[in-house]
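Q: Please take a close look at strand pairing here. Begin with the overall dimensions, then go through the pairs one at a time.

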Amino acid sequence: MKATKHVSSQAKTAAEEQPFLESLALFLEQLPERSRDIVHARFGMVSGTPETLEEIGRAYQITRERVRQVIGGVIGFLSSEQESDKVSRVSEMIKSTLEKKSGIMEAEELLSKLSRGDEKERGALLAFLECLSLVETEKATKDRERVYVLRGFPLEKWKEVKDVARKILSQADEVLEGKELYSRFAALKRQETEKEFFDFLSVAKDIKQNVFGNWGLSSWSDIKPRGTREKAYLVLKTGGKPMHFRDIAKLIDEHGLQGKKAKSHPQTVHNELIKDSRFVLVGRGIYGLSEWGFKKGTVKEVIEEILKKAGKALTREEVVAEVLKVRQVKKSTIIINLNTFFTRVGKNEYALKK
């Protein structure tokens, strides 16, 4: 009795771990051996690698069309068994997953989530997805990726929501945080919930989220930075403060902007930033963005510009405060420059030399 219980427990565990493969195997047992083998090969249920119609045809010495007919017959058989307990269980798993994403999901995301990285499970899942009437496959378009949707999903509504979001981003002309993007969307008296809104956007091609969680048009460099300079700019802009070039290189890698295998070289980052007017060297190896008010030039040149803009003599403390807004240097460096290149007026004020 104990042994029987142990075997039953093992079988149950295996079925739970491989719900699609186990369920499909039970149905295929009712079919001729060759039909089973062809389906196994087509969906990669044995090797984990799906075979083409041509490869299967060569193995069984039949035409591609005959292979297609055999597979079609098996899919038809599975379709007729949708009310059975096994297929209902599989159907409910898929339905529940899609419902949690508001009825639409990128095909690859659904397959990866439910198969949990098991290629054989993925193959069996693909077979079920072809026969279940509650799920529909929609090919990729210029607007969205290839998706799975629940039957009756309103694709026209999806496109309307996506187009409104695109218009909001285009008008903003900058990336937006999720809450801000939805706030602007909801202000247009839209009825979609925040979750539904972002579930819809998750399959769009022209609207994407960057590694920092902000939304924008996929063509923007703030969403998909391509070169070292664009990646460094995104890191600095998001960080909101000057950084050493080594830290910039480190963050590029930490956020996966350089790719999974590639690694940033700090000196390369340093060399690239020097060439770009968007970046300003504000300290020893420390870069800020010119759009933050940082300006290129020596400390002496920065002081000259400050005094010219003021149009009058300034106290030492006033000059130091203004310089520190655009440079990360020691106060002593500023004072040395003041005493060397500028005229002291009175006890503690400085002006341009005449």
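**Strand pairing and its setting**

A: The protein has a radius of gyration of 31 Å, whereas a compact globule of 354 residues would be near 20 Å (taken over C-alpha atoms; the globule rule is 2.2 Å times the number of residues to the power 0.38). This is a predicted model, in which local features need pLDDT of at least 70 and side-chain atom pairs count only at pLDDT 80 or more, while totals for chains, interfaces and linings use all residues. Residues are numbered from 1 along each chain as its sequence is written, and side-chain values use heavy atoms, without hydrogens or water.

Along the principal axes, the C-alpha atoms fill a box of roughly 105 × 50 × 45 Å. There are 17 helices and 11 strands in the protein (DSSP runs numbered from the N terminus: H or I of at least four residues for helices, E of at least two for strands). Of the 354 residues, 42% are buried (under 20% relative accessible area with a 1.4 Å probe, protein chains only; exposed is over 50%, and partly exposed lies in between). Among contacts with a separation of 6 or more, 55% join residues 24 or more positions apart (contact means heavy atoms within 4.5 Å).

Now the strands. Strand β7, residues 279–283, is mostly covered, with four of its five residues buried. Its partner is β8 (residues 286–289), and the two run antiparallel over four bridges (strands pair if DSSP finds at least two bridges between them). Within this pairing, Phe-279 faces Leu-289 of β8. Two residues separate the strands of the β7 and β8 hairpin, where Gly-285 has a positive phi near 75°.

Three strands form an open sheet in the order β9-β11-β10, paired antiparallel. At its edges are β9 (314–315) and β10 (343–345), each pairing on one side only. The pairing of β9 with β11 (residues 349–351) is antiparallel and has two bridges. Here Leu-314 stands opposite Tyr-350 of β11. Strands of a sheet are joined through backbone hydrogen bonds, parallel or antiparallel.

Positive phi also occurs in loops between helices. Arg-116, not a glycine, has a positive phi of about 55°; Arg-116 sits between α7 (107–115) and α8 (119–131) and is exposed at 56% relative accessibility. Lys-189, also not a glycine, has a positive phi of about 65°. Its loop lies between α10 (178–186) and α11 (194–201), and Lys-189 is exposed, with a relative accessible area of 68%.
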